[in-house]
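This report concerns selected local features of one protein chain. Please consult the sequence and the structure shown below while reading.

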Amino acid sequence: GQPHRGETHPAAIRTKMEISHLAIAPRRTRKFSTEAIITAVVGFCAILGFAASISGHLGAGVSSRSLSTVMRPSFVAPMRTVSGIDRMTECHAGKNHLRRTTKTIEKGEMPTDIEILGPDPLQRKSAYPKLADTKAAKDTWFVIDAKDQILGRMSTLAATLVMGKWHPLYHPAMNMGANVVIINADKIRVTGRKFTDKVYKRHPTGRPGSMKSESFRDLQARIPERIVEIAIRGMLPKTRLGREQYKQLHIYAGEDHPHAAQKPMDVTHKISKPTKDTYLQDRELVRG
């Protein structure tokens, strides 16, 4: 039944007894053995040493390598010393197929009984033309007959000769070009509808409304040399060197030119031809 006023319920008495029992009961302490403590200390020291080794590798400039690569064993082996050059190669066990090796070229003396034509092949140096080489190149003269030739193909050959790309000692910083004479500039041809549709524009003053335009047909009838000049000048460098090379170009509308004393070499046959025309010409030669 219900307890009288001032009495305690039996369930409350039982709960208080359990609480007092728990409070009085002694706590159980966990005991660590000496072996466990030593193992923990050794493991902690090992972790610290591993972290220090990784930081040392990264500080030495191996930050690009992954952690797995740093953990792999490596060794540095000295190679044989040749003519006082000490070469060291670093080998990583897991990256042998990606290893970069540095090749050292030992310079030797050329045999005395061999005449060297050009740069020394054993010195491994690029040949840089001298001023005497440029003067010798300018003494070379070529002539191109533009009669019935395509404007673009003929201009390509002329620009190549003027820039000096045909010369064995060609260098883009030196003028190794020859003098080129072009005759029959009034008989140059173009393909397609360029004869009537191609327009040449010039705007010398720069004022609005003063730009002049002229078709290929009209300019060829008025100044035929200017067509070849514009085509070749557009292929030359837009620098002081290009302006100097442009002065080595001599264009004439007719067959006569005042450079016969220089004995120019005819290179008209060097102009490239369309593949179809070359095929037809070879077929005619085979049939003949």
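In which loop does N184 lie? N184 is in the loop between β4 (179-183) and α6 (194-197); helices (H or I, at least four residues) and strands (E, at least two) are DSSP runs, numbered from the N terminus. The model is predicted: local features need pLDDT of at least 70, side-chain atom pairs count only at pLDDT 80 or more, and totals for chains, interfaces and linings use all residues. Residues are numbered from 1 along each chain as its sequence is written, and side-chain values use heavy atoms, with hydrogens and water left out.

**Positive phi angles**

Although N184 is not a glycine, its phi is positive, at about 60 degrees. N184 counts as buried because its relative accessibility is 1%; the term buried means under 20% relative accessible area, exposed means over 50%, and partly exposed lies in between (1.4 Å probe, protein chains only). D148, also a residue other than glycine, has a positive phi near 55 degrees. D148 belongs to the loop between β3 (141-145) and α5 (151-163). With a relative accessible area of 48%, D148 is partly exposed.

**Helix α5**

Helix α5 comprises 13 residues and spans 18 Å from its first C-alpha to its last, close to the 18 Å expected at 1.5 Å a residue. The expected span is 1.5 Å times one less than the number of residues in the helix. The buried residues of α5 are L151, M154, S155, L157, A158, A159, L161, V162 and M163. In general, an α-helix has 3.6 residues a turn, so residues three or four places apart point the same way. After α5 comes G164, with a positive phi near 90 degrees.

**N179 and its surroundings**

N179 is located in strand β4. N179 counts as buried because its relative accessibility is 10%. The side chain of N179 reaches the backbone oxygen of K138 at 2.7 Å. Leaving aside residues up to four places away in sequence, N179 touches K138, T140, W141, F142, Q248 and H250, where contact means heavy atoms within 4.5 Å.

**Salt bridges**

How many salt bridges does the structure hold? There are 5 salt bridges, each defined as a side-chain nitrogen of Lys or Arg within 4 Å of a carboxyl oxygen of Asp or Glu.

| E244 | K138 | 3.1 Å |

K138, whose backbone oxygen is reached by the side chain of N179, forms a salt bridge with E244 through its own side chain. This pair links distant parts of the chain, with E244 in helix α9 (residues 240-246) and K138 in helix α4 (residues 131-138), 106 residues apart. E244 counts as partly exposed at 35% relative accessibility, and K138 is partly exposed with a relative accessible area of 29%.

In the pair D186 and K187, D186 is partly exposed at 31% relative accessibility, and K187 is partly exposed with a relative accessible area of 33%.

Which residues are linked in a network of salt bridges? R202, E214 and R222 form such a network.

How values were computed: Polar contact = N/O pair within 3.5 Å; in protein donor to acceptor, adjacent residues only side chain to side chain.
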